[in-house]
Amino acid sequence: MDRNPQAASDRFDDDGRLKRIACYRSDDPLFGERNYTYMDVVHSNLGGWKARLCGLVQYSSLFGLASGYTIAASTSMVAIKRSNCFHENGDDNPCHVSSKIYMIMFGAFEIVFSQIPDFDQIWWLSIVAAIMSFTYSLIGLALAVAKIAVTRKFKGSLAGISKEAIAEPQKIWRCFQALGIIAFPYSYSVIQIEIQDTIKARPTEHERMKKATFKSLVVTTLFNILCGCLGYAAFGDLSLKNLLTDFSFYNPYWLLDIANAAIVVHLGGAYQVYCQPIFAFIEKEASKYFSDNILKKKIKIPIFGVRQYELNLFRLSWRSAFVIITIVLPMFVPYFHEFVSLSRVLGFWPLTVYFPVELYIVQKRIPRWSWRWFSLQMLSIGCLAVATVAAAGWVARIVFDLS
């Protein structure tokens with residue numbers, strides 16, 4: 001193994017101890033043992049019981065995300081069908097469409113792609129999903145700008161929705177829910193380590209991941225602010241939850257179809273990206289209890305009569321069952337989307353704030369009760385307060401819907 005002398009000299013603090021600047025590798029940032037998962041990182045730095053807690057919250061959140069993506073994808077597919085119906089029959093036609101058949105279609109797609117063995121083999125799917133994300137975001141922004149240009153005024157106010165449109169208590173609860181929705185796009189930490197494990201070691205993984213994370217945060221924040229502000233400026237108190245699926249716009253219908261199709265493709269790729277850590281964890285645990293005869297048994301499937309594709313039978317069976325569960329639950333459990341949103345809020349603070357802050361303190365060897373340690377704890381507590389009120393908002397929504 002080649003070792004750069006200059007890089008080696010940069011591996012030590014002034015007191016001669018090894019620097020600990022990245023959680024992905026233990027002890028040595030360049031040549032230390034890899035931590036392949038979020039759980040591994042927490043176990044290496046914080047101990048066993050916290051690693052188990054991290055795993056419980058992480059995989060529960062990922063399961064909820066999978067079900068949430070199923071709901072969102074079927075909603076966009078329904079929007080495409082209704083958009084064409086409105087175009088053919090007029091905007092006054094109710095055009096009722098069931099989402100269940102579209103959930104099944106999305107599930108069939110995911111069963112096929114869930115047979116991709118490992119995280120590093122879905123890079124192309126991640127790229128496609130990212131392109132689709134930019135596509136529908138730009139279309140939404142363009143439609144909002146066009147609406148403002150037609151009306152020639154900015155609707156809404158700095159105080160938000162007016163008292164005439166909604167009762168004050170309901171407005172407060174919705175503000176709390178909005179905090180959770182704003183936090184959702186920043187919960188990428190649940191798969192950050194697993195993604196980092198697919199990066200080549202030169203330059204170091206943490207350096208490349210740091211740059212990628214910074215750029216993604218900037219882009220995500222920019223699009224969130226633009227979509228939220230321009231959407232509200234276009235419609236004011238009449239703003240709907242989703243500009244593209246709730247028919248804030250009816251025309252051009254073909255552009256709405258493109259945007260919603262892009263959402264479906266994006267969510268299809270995101271489903272696989274977020275489910276791969278679950279697949280890897282279950283299959284790793286299964287290897288402790290089952291023999292290779294069971295885990296590695298393959299069946300041959302002819303492809304167009306030209307060649308045969310070897311498919312792992314265990315992977316086919318259990319991953320297909322997982323996808324089916326993530327489809328059946330939202331199909332038959334009332335208000336399942338609200339429960340998924342609540343679970344995401346509950347998982348936000350420990351996975352995105354608490355564990356990263358504690359890992360940073362350990363990595364940087366920050367003394368307890370120092371000013372830096374105290375500042376980080378205040379940051380963690382502040383985010384906990386935000387997550388708590390956001391969770392309260394979603395609980396209030398569930399109670400309101402059930403009543």
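**A tour that starts at a bend**

Select Cys 275 in helix H9, where a kink of about 35° lies shortly before the proline Pro 277; the bend at a residue is the angle between axes fitted to the seven residues ending there and the seven starting there. Helices (H or I, at least four residues) and strands (E, at least two) are DSSP runs, numbered from the N terminus. Before going on, please note that this is a predicted model, in which local features need pLDDT of at least 70 and side-chain atom pairs count only at pLDDT 80 or more, while totals for chains, interfaces and linings use all residues. Residues are numbered from 1 along each chain as its sequence is written, and side-chain values use heavy atoms, with hydrogens and water left out.

**The whole of H9**

Now extend the selection to residues 253–286, which are the 34 residues of H9. From its first C-alpha to its last, H9 reaches 48 Å, close to the 50 Å expected at 1.5 Å a residue, where the expected span is 1.5 Å times one less than the number of residues.

**A nonpolar patch**

Stay on H9 and pick Val 265, which is placed in this helix and counts as partly exposed because its relative accessibility is 39%. Helix H5 (residues 123–151) gives the largest share of the patch, with 5 residues.

**Salt bridges**

Which residue forms a salt bridge with Glu 283? Select Arg 319, whose closest N and O atoms to those of Glu 283 are 2.8 Å apart; a salt bridge is a side-chain nitrogen of Lys or Arg within 4 Å of a carboxyl oxygen of Asp or Glu. This pair links distant parts of the chain, with Glu 283 in helix H9 and Arg 319 in helix H11 (residues 313–332), 36 residues apart. Both Glu 283 and Arg 319 are buried.

Next select Glu 338, Arg 397 and Asp 401, which a network of salt bridges links. Arg 397 meets Glu 338 at 3.3 Å, N to O, and this pair joins helix H13 (residues 371–402) to helix H12 (residues 336–364) across 59 residues. Arg 397 also meets Asp 401, at 3.9 Å, and these two are separated by about one helical turn because they are 4 residues apart in H13. With a relative accessibility of 9%, Glu 338 counts as buried, whereas Arg 397 is partly exposed at 21% and Asp 401 is partly exposed at 23%.

**Stepping back**

Finally, show everything: the protein has 13 helices and 4 strands, and buried residues make up 41% of its 403 residues. The structure holds 5 salt bridges.

Technical notes
Buried < 20%, exposed > 50% of the residue type's maximum accessible area, 1.4 Å probe, protein only.
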